[in-house]
Amino acid sequence: MLKWLSILTVLALAAGVAAGAAAAEWGNPDLAAAIHEIENIGQLWLNLLRMTVIPLVFSLLVTGVASVADAASTGRLAARSIYVFAVLIGAATAYACIVLPVVYSVWPVDHQAAQGFLAGVGAEEANKVATAKPPTLGEWIASLAPGNPVSAAAETAVLPLTVFALFFGFAATRLPAVQREPMVGFFRAIADTMIIIVRWVLYAAPIGVLCLSLALGLRSGTNVVGLLIQYVTVACVVTAGIVVMAFLVAIFWARMPFGRFLNASAPVLAVAFSTRSSLASLPLMVERSRDALGIPDRVNNLTLPLAVAIFRMTSPVTNLCVVFFAAQVYGVELSIPTIVSGGIVAIAISVGSVGLPGEISFIASVAPISIAMGVPIELLGILVG
């Protein structure tokens, strides 16, 4: 279902931009006014997605930390696995934070096309964020802990809320099981409920994206196509670097011959590519690790579920690709403390979120990083396509 939904969403995006651009060429004011009214339906769809972000992020982080702590308590193998995962996800995030600015310095977003893009998604918000003064290092450090977590949630201050959620989750692991398990179950139920709501809203993605892209095409014309091609190209190329990194880790750190690892992983990569879900790839990962690599079940049964459910080193990279592109379009200058903030939130979100296809987790994963880095999230309704 999600595969066909993705195809329909892309077609709706293309059709909306084309129809909006045609309406702009025609110049009929009544038609333009009608498209502006239709845009409100797209904004409603986007707001329905946005309303799930804060409760979903907090709940996922609490349950994610509890899961990691429980896994770590199972022994030396779990502790070693978590150490390796931490190194990999930290290296992947650092890679994205270093490579993406370099990529956009070599291939910057076209300023004129970006202005047209902004006209289609709300330039007022962009100007407000772009002119905001970046925090000093001391101010950034002071802001890490929220003075009032409820106020931080209301103001969508994601980084301090993330810090509070991490402390909350780790503190919960110190409670007796009779107290901890119901509480973790409560937050897991909230997260699952939010995911159900997101899934419901995403069933209307073709309609929502069509309504948003009609106005985008009306204001921006076909210039927006080049920006979207640039976004997809950069995201694919930068994320592909993680595949190379993973092979290098297998060859030089795990001492695995290249041909053997390629033979074992190729079927898994095919399933991952077609489903876009780490959870859907798990059964074949277990089978290929055991049969093609000879890894014992006691290792597979612990490390692979952790890898697909909690530690996915591509998640912060792909999410940061979206935010860096949006920052380029909006002209937001990203200081080093801001990029560090985004990297921290990206790691925390990737650990807390579930291994579902990108349509489900896109808004919940990217919006908190965008907010932490001071980048408007209005583009997400278009980029989800």
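**A chat about helices, loops and packing**

Reader: Hi! I clicked on asparagine 319: is it buried or exposed?

Author: Asparagine 319 is buried, at a relative accessible area of 9%. Buried means under 20%, exposed over 50% and partly exposed in between, using a 1.4 Å probe and protein chains only.

Reader: Before I go on, what sort of model is this?

Author: This is a predicted model, where local features need pLDDT of at least 70 and side-chain atom pairs count only at pLDDT 80 or more, while totals for chains, interfaces and linings use all residues. Residues are numbered from 1 along each chain as its sequence is written, and side-chain values use heavy atoms, leaving out hydrogens and water.

Reader: Thanks! Which helix does asparagine 319 lie in?

Author: Asparagine 319 is part of helix H16. Helices (H or I, at least four residues) and strands (E, at least two) are DSSP runs, numbered from the N terminus.

Reader: And what is asparagine 319 in contact with?

Author: If we set aside neighbours within four places in sequence, asparagine 319 is in contact with Ser365, Val366 and Ile369. Contact here is heavy atoms within 4.5 Å.

Reader: How many residues of H16 are buried?

Author: 14 of the 16 residues in H16 are buried, so the helix is mostly covered.

Reader: What comes just after H16?

Author: Just after H16 you will find glycine 331, with a positive phi of about 70°.

Reader: At what angle do H4 and H16 cross?

Author: Helix H4 (residues 76–106) crosses H16 (residues 315–330) at roughly 25°, and their axes come within 9 Å. Axes are lines fitted to C-alpha atoms, for helices over the stretch in contact, with angles from 0 to 180 degrees between N-to-C directions. H4 is therefore roughly parallel to H16. Under 35 degrees is roughly parallel, over 145 roughly antiparallel, 65 to 115 roughly perpendicular and the rest oblique.

Reader: Which residues make that contact?

Author: From H4 it takes Ile89, Ala92, Thr93, Tyr95, Ala96, Cys97, Leu100, Pro101 and Tyr104. H16 supplies Pro316, Val317, Leu320, Cys321, Phe324, Phe325 and Gln328. In the contact of H4 with H16, 14 residues are nonpolar, two are polar and none is charged. Ala, Val, Leu, Ile, Met, Phe, Trp, Tyr, Cys and Pro count as nonpolar, Asp, Glu, Lys and Arg as charged, and the others, Gly among them, as polar.

Reader: New topic! How do H2 and H10 pack?

Author: H2 (residues 29–50) and H10 (residues 177–203) have axes 9 Å apart, at an angle of about 165°. That angle makes H2 roughly antiparallel to H10. Trp45, Leu48 and Leu49 of H2 make the contact with Val198, Val201 and Leu202 of H10. The residues of this H2 and H10 contact are six nonpolar, with no polar and no charged ones.

Reader: Which residues are buried in H10?

Author: Among the buried residues of H10 are Arg180, Val184, Phe187, Ala191 and Met194. Val198, Val201 and Leu202 of H10 are buried too.

Reader: What about arginine 255: where is it found?

Author: Arginine 255 sits in the loop between helix H12 (223–253) and helix H13 (258–275). Its relative accessibility is 70%, so arginine 255 counts as exposed. Arginine 255 has a positive phi of about 60°, although it is not a glycine. Most residues other than glycine have a negative phi.

Reader: Last one: where does alanine 154 lie?

Author: Alanine 154 lies in helix H8 (residues 149–154), and it is exposed, with a relative accessible area of 65%. The C-alpha atoms of alanine 154 and isoleucine 54 are separated by 8.7 Å, though these residues are 100 residues apart along the chain.
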